[in-house]
Amino acid sequence: MNPCKICAAETKNSCSNCKQIYYCCAEHQKQDWKSHKTNCRPFKIVINDLLGRHLITTRNIKPFEVLIKEAPLLRGPSQATPPVCCGCLNAIEPSDYINCERCGWLLCGNECKQKSEHKYECELTVQRGRKVNVQEFTNPHPMYQCITTVRGLMLRDKDSELWEKFITLESLENARRDSMQWKVDYETVCKFILKFFNTTSFTEDEIMRVIGILQINGHEVPVSDPPHVAIYYHASFLEHSCIPNLAKSFNKDGHLIIWAPRAIKKGDHLSICYSDSVWGTGDRQHHLMQTKMFKCECPRCVDVTEFGTKYNALRCEKSDCDGFVLPKSLNDWHKEWICDLCQLQVDKGYVNNVLERAGNDLNAMEKTKENCIKYVEHYKKWLPGQHYYMSEVKIHLIQQIGKEPKELITISDDELQKKLNYARELIQLYEILAPCEVRMLGTLCFEMHSAIAEQSRRVTANTNVTPKELLEESLMYVEKCVNYLQYESDIFVEGHILKQAKINRDALNMVMRM
């Protein structure tokens, strides 16, 4: 029994969405809805010494349910960016822009003059007494490193409500202090702001704290070109996991949508991946330590086999051994690796050499169909087929084989089978390792659906499956595609794939009914 929010009468009836507020009757719930709706969410903020503030569910969460929809507290250019419009944050064309008549910062047109995002650096520049003068348009511009930090600092005096939320977010200032990144930020952002704007309004400690909040809590938002950085209040309390239970999507306005691709139980912690979950463990760990200042010990990271996928493994050097070479544990990542069959110990220098060569070749390679096939054939001597480098190349290859619908019907049976095999293999792999990488999984499912549909067209009497069985499988994958991409905006490629997937799904359903 708990007290009713309105009359304090004892009741068992809670709000069905958040399960945290109680009402003795429907009338009292309706009466309180105006004040309650802004905080009616199926999770609560809790705190402990290890994680700090984090979120846990207050009820069971259904698959595909949205948990958070929120506009940014603050947004601005990334710290390393060429000149962008200070209104919409899109790249500036050197031959097509205007200068703000008050401050000189670049805008892409008159419509961006009125956007609220620009007012803070504009005001501080006016106080400086001299307009900015941008002449370089192609490389990362040093003046743009300061804009988002300035916007955060200006909240203190210009928007106390947003400032109170912003300043409570974690900055990890003590952990960051004296790190290489902290020193770079101090020289290129903190000292720059004080000198360039000729201001005494902010202390060095205030500036460095705002920089820390931006780096620890910032989300890359791909709705502008180049992507910009934004801070979201509730999303800042989501903890990290390399195998999270929540996916991120953005609408065309840059608002964040956090949703659950799979069911989540009441009382579970809510998590997103702060890194890139398709990277190898070494790269994820390095990125998290450099940017978020912690070593990840999530279930995926502590299992060097990555749930049996051997995603980071090398093949054993011995020609007569089919084993996989991996470190003994997460703590042995930079020591000798060992074969899981013959127990051969492999020097880490050899491992680094193979991975560096494979990574450099991958980065330098033009991702054509022919080059991807050559890469897979060449590196299969050292890398298992499910290695993260091999998997990345196979994704490119899947997209290159039958790139357009008209091309798909002309490719050979062998190429079609290769596309099918790799797509099926990668969907199975990433549904284990990265189940919340919804854009990648949705795209792979659409490729799989298209390839199976083409396979059904080619079925002959000599095959072991019927066209109906293949069409049923194709329908299954296009439905999975729609589920994975359902919150993607049509400003993204994935949003256009979603539209086509819905058309194909409806057409297949009609065929199956007939």
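How many aromatic pairs does a search of the whole structure find? The search returns 16 aromatic pairs in this predicted model.

**View 1. The tilted pair of Y97 and F137.** The ring centres of Y97 and F137 are 5.4 Å apart, with 45° between the planes. This pair links distant parts of the chain, the two residues being 40 residues apart. Y97 belongs to the loop between β6 (74-76) and β7 (98-99), and F137 to the loop between α2 (119-128) and α3 (147-158). Y97 is partly exposed because its relative accessibility, 28%, lies between the limits of 20% and 50%. F137 has a relative accessible area of 16% and is therefore buried, the limit being under 20%.

View 2. Y379 is buried, at 1% relative accessibility. W382 is buried as well, at 16%. R357 lies over the face of W382, at 4.8 Å from the ring centre.

**View 3. A cluster of tyrosines.** One aromatic cluster is formed by Y311, Y388, Y389 and Y430.

**View 4. K165 over Y233.** The ring of Y233 has the charged end of K165 over it, 5.3 Å from the ring centre.

View 5. An unreviewed UniProt entry annotates residues 4-40 as "domain: MYND-type". In the model, residues 4-40 are 30% helix and 5% strand. The end C-alpha atoms of this stretch are 16 Å apart.

Key. Residues are numbered from 1 along each chain as its sequence is written. This is a predicted model: local features need pLDDT of at least 70, side-chain atom pairs count only at pLDDT 80 or more; totals for chains, interfaces and linings use all residues. Side-chain values use heavy atoms; hydrogens and water are left out. UniProt positions are given in the numbering used here, feature names are shortened, and annotations may be inferred rather than shown by experiment. Helices (H or I, at least four residues) and strands (E, at least two) are DSSP runs, numbered from the N terminus. Rings of Phe, Tyr and Trp (its six-membered ring) pair if their centres lie within 6.5 Å; planes under 30 degrees apart count as stacked, over 60 as edge-to-face and the rest as tilted. Buried means under 20% relative accessible area, exposed over 50%, partly exposed in between (1.4 Å probe, protein chains only). A charge sits over a ring if NZ of Lys or CZ of Arg is within 6 Å of the ring centre and within 35 degrees of the ring normal.
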